[in-house]
Every structure is written in structure tokens, then in C-alpha cells.
Amino acid sequence: MVAIERTGPAIRAALAAHAPEDEARFVAELRDALARAGQDLDLAGPQAVLRRWHARALMAANPLSAAELAQLQQAKAGDLTGFVEHHDDGTTTTL
């Protein structure tokens, strides 16, 4: 698994390498959020942008395997056979 720091430069580099079509949008969103933070001194906006794009960068850098894609298609089709359900009490049930 490729690890990516949750910083502007690290996310930008990961997007450039794995999802170049998203890099410019990330930069624009982050710059806009930073400009607003410069006015209102609230870092919640830039942090939200970093969280959202960090997740996108991680997914781009670590695509699903063929087996994971098959599981996803199986679940989308409504077949949960073999999936594991985790319960609040710490137990699990295999479906």
C-alpha cells in the first residue's frame, strides 16, 4: 500500500503521479480554501479539502485488486455470500 501524508504537497504529488486529471482541481480548491482561511482565520475549510483529496489520492495510488473488484461487483449484485458482518459486541458472522 502506498502511504501519502495529508499535506498539500504530498497530495499534489500523489495526484500528479496517479490521477493527473485531478491535480489542477485539487490545487484550485485548496488555494480557494486557504484564501478564505486568510480572511476568517478558520482552518476548517483547508482541513476539509485536505481530508477529501487525501482520500482520493489514496484511492488513486492504491487501486482495487481484481479480487476486490469482483467482490464489489458481487455485493452490488446483491450477493453477500462469503462476506463478514461485524457486530457491536465484537463477534462476526460470515454471510
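Predicted model: local features only at pLDDT ≥ 70, side-chain atom pairs only at ≥ 80, totals over all residues.
**Entry 1: helix 2**

I began with the extent of helix 2, which covers residues 20-40. Its 21 residues reach 31 Å from the first C-alpha to the last, close to the 30 Å expected at 1.5 Å a residue.

Next I looked up which residues of helix 2 are buried, and found Asp22, Phe26, Val27, Leu30, Ala33 and Ala37. Viewed down the axis of helix 2, these fall within an arc of 140 degrees, so they line one face of the helix. Helix 1 (8-18) and helix 3 (44-61) are included in what covers them.

On the face turned away from the buried side I noted the exposed residues Glu21, Ala24, Arg25, Arg31, Gly38 and Gln39.

I also checked Leu34, which is in helix 2. Leu34 is partly exposed, with a relative accessible area of 45%. Its C-alpha is separated by 11 Å from that of Leu50, 16 residues apart along the chain.

**Entry 2: salt bridges**

I searched the whole structure for salt bridges and got six.

- Arg12 pairs with Glu23, the closest N and O atoms being 3.1 Å apart. Arg12 is in helix 1 and Glu23 in helix 2, eleven residues apart, and the pair links distant parts of the chain. Arg12 is partly exposed at 38% relative accessibility, and Glu23 is partly exposed at 22%.
- Arg56 pairs with Glu21, with 3.7 Å between the closest N and O atoms.

What is the accessibility of each member? Glu21 is exposed at 58%, Asp22 is buried at 12%, and Arg56 is partly exposed at 28%.

**Entry 3: Leu41**

Just after helix 2 I came to Leu41, in the loop between helix 2 and helix 3. Leu41 has a positive phi of about 60 degrees although it is not a glycine. Most residues other than glycine have a negative phi. I have Leu41 down as exposed, at 72% relative accessibility.

**Entry 4: surface leucines**

Last, I looked for a nonpolar patch on the surface and found Leu64, Leu69 and Leu72, with about 250 Å² of accessible area together. Leu69 lies in helix 4 (residues 66-76) and is partly exposed at 42% relative accessibility.

Technical notes
Residues numbered from 1 in each chain as written. Heavy atoms only, no water. Helix = DSSP H or I, 4+ residues; strand = E, 2+ residues; numbered from the N terminus. Expected span 1.5 Å × (residues − 1). Buried < 20%, exposed > 50% of the residue type's maximum accessible area, 1.4 Å probe, protein only. Arc of directions from axis to C-beta. Contact = heavy atoms within 4.5 Å. Patch = residues over 30% accessible without salt bridge, like charges linked within 9 Å, V, L, I, M, F, W, Y side chains within 5 Å. Areas by Shrake-Rupley, 256 points an atom, 1.4 Å probe, with all protein chains shown as cover. Salt bridge = Lys/Arg side-chain N within 4 Å of Asp/Glu carboxyl O.
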